[in-house]
Amino acid sequence: MPQDGAASRLANVSAVVLDEFHYMNDPSRGTVWEESVISSSENTKLVALSATVSNDEQLKGWMRRVHGPTEVVSSSFRPVPLKYEFACGVLR
């Protein structure tokens, strides 16, 4: 848990959105996400977004242990279609 000053500042936070949550596995960035989950009050709603996380059930188990009730919402729908384009030649 954070030190007293940080805990009191976080006490009134009702929701935290963690974008690109798959960076949990990144040695230099993952600590920020991990500490955010661990430091958030049990009453704080966490929304962890990722288009590429492959271990969602494992993450759900960890988040349940350190934060509280957790559900996974998954969708394969892409609101913006992935479109491949290639450019060849010399720019003038």
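Trainee: Is the crossing of α2 and α3 left-handed or right-handed?

Mentor: A crossing is left-handed if the near helix is turned anticlockwise from the far one by less than a right angle, and right-handed if clockwise. Here α2 passes α3 in a right-handed crossing. This is a predicted model: local features need pLDDT of at least 70, side-chain atom pairs need 80 or more, and totals for chains, interfaces and linings use all residues. Residues are numbered from 1 along each chain as its sequence is written, and side-chain values use heavy atoms, without hydrogens and water.

Trainee: At what angle do α2 and α3 pack?

Mentor: Helix α2 (residues 30-39) and helix α3 (residues 56-66) pack at about 45°, with axes 9 Å apart.

Trainee: Which residues meet?

Mentor: Glu34, Val37 and Ile38 in α2 meet Trp62, Met63 and Val66 in α3 (contact: heavy atoms within 4.5 Å). They divide into five nonpolar, no polar and one charged.

Trainee: How is a pair of aromatic rings described?

Mentor: By the distance of the centres and the angle of the planes. Rings pair if their centres lie within 6.5 Å; planes under 30 degrees apart are stacked, over 60 edge-to-face, the rest tilted. This structure holds one aromatic pair. The ring centres of tyrosine 23 and tryptophan 33 are 6.2 Å apart and their planes are at 40°, so the pair is tilted.

Trainee: Is tryptophan 33 buried or exposed?

Mentor: Buried means under 20% relative accessible area, exposed over 50%, partly exposed in between (1.4 Å probe, protein chains only). Tryptophan 33, at 14%, counts as buried. Tyrosine 23, at 26%, is partly exposed.

Terms used
Axes are lines fitted to C-alpha atoms, for helices over the stretch in contact, and angles run from 0 to 180 degrees between N-to-C directions. Helices (H or I, at least four residues) and strands (E, at least two) are DSSP runs, numbered from the N terminus. Ala, Val, Leu, Ile, Met, Phe, Trp, Tyr, Cys and Pro count as nonpolar, Asp, Glu, Lys and Arg as charged, and the others, Gly among them, as polar. Rings of Phe, Tyr and Trp (its six-membered ring) pair if their centres lie within 6.5 Å; planes under 30 degrees apart count as stacked, over 60 as edge-to-face and the rest as tilted.
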